[in-house]
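This briefing is meant for a reader who is meeting the structure for the first time. Please keep the sequence and the model in view while reading the points that follow.

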Amino acid sequence: MGNRNILSVVAIASAAVLSLALPTQAKNDRFDDPSGTSVYDQTLNDLMTQSIVRDLASVRAECMAGSPVYRLDCIRQGLELTSRRAPYHGDYGPMREALRAGAAAVAPIIDADADTDRDRLEVDPGTNPRFKARRYYTPTKAGSYDATKADAFKALDATQQRLLEIGKRSPDWYRAYTTVSIAVASLADVLRK
């Protein structure tokens, strides 16, 4: 066997050993203690809860500034964007899922009452400092506004109730989840104006 072949075999064997060792090491680094608690688990804290509330408040302000026909899609996208910024794991995981479910519940209302005669509203990046991406809001028909609002109120109420139900796990959860559910309820004010 030549030097080239020996070096090739050594390189392949080294790569195989490293590929087996690295995932095991990475897996072990994710745990804080022997109980298996992941460092990616986010426990409830006022800073994160207030960040989510501020996200929802910025959504409310942005949606209020727009025409009523675009407000429902603004709320939907705001719930979705806020859920994306919430932690995936730990105590905020159920909150994230409740916000996503709320956005998903509003989507069919928009689809059923979309005004295809109007253009979508383009929101420039940076319009909302908390969500810097460009967004497009689908208008709903002005004639079906009352029915659309009623359906949207039901979807937002269901989201709020889901958050309150999840919050019954403990006093800390109750405080955090109630705070966020109040912020979700304030989105309904956008549709009342």
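Axes here are lines fitted to C-alpha atoms, for helices over the stretch in contact, and the angles between N-to-C directions run from 0 to 180 degrees. The model is a predicted one, in which local features need pLDDT of at least 70 and side-chain atom pairs count only at pLDDT 80 or more, while totals for chains, interfaces and linings use all residues. Residues are numbered from 1 along each chain as its sequence is written, and side-chain values use heavy atoms, with hydrogens and water left out.

**Overall architecture**

- The protein chain has 6 helices and 2 strands, where helices (H or I, at least four residues) and strands (E, at least two) are DSSP runs numbered from the N terminus.
- Along the sequence these elements follow the pattern α-α-α-α-β-β-α-α.
- Of the 193 residues in the protein chain, 39% are buried, a term that means under 20% relative accessible area, with exposed meaning over 50% and partly exposed lying in between (1.4 Å probe, protein chains only).
- Contact means heavy atoms within 4.5 Å, and among contacts in the protein chain between residues at least 6 apart in sequence, 70% join residues at least 24 apart.

**Helices α4 and α6**

- The axes of helix α4 (residues 93-112) and helix α6 (residues 171-192) come within 11 Å and cross at roughly 20°.
- That makes α4 roughly parallel to α6, since angles under 35 degrees count as roughly parallel, over 145 as roughly antiparallel, 65 to 115 as roughly perpendicular and the rest as oblique.
- Pro94, Met95 and Leu99 in α4 meet residues of α6, namely Trp173, Ala176, Tyr177, Val180 and Val184.

**The disulfide**

- A search of the whole structure finds 1 disulfide, defined as a pair of cysteine sulfur atoms within 2.5 Å.
- Cys63 and Cys74 form this disulfide, with their sulfur atoms 2.0 Å apart.
- Cys63 lies in helix α2 and Cys74 in helix α3 (residues 68-85), so the pair ties together parts that are 11 residues apart in sequence.
- The torsion about the S-S bond of Cys63 and Cys74 is about -95°, and therefore the disulfide is left-handed.
- Both Cys63 and Cys74 are buried.

**Thr49**

- Thr49 has its place in helix α2 (residues 46-65) and is buried, with a relative accessible area of 3%.
- Leaving aside its neighbours within four places in sequence, Thr49 is in contact with Tyr92, Ala176, Thr179 and Val180.
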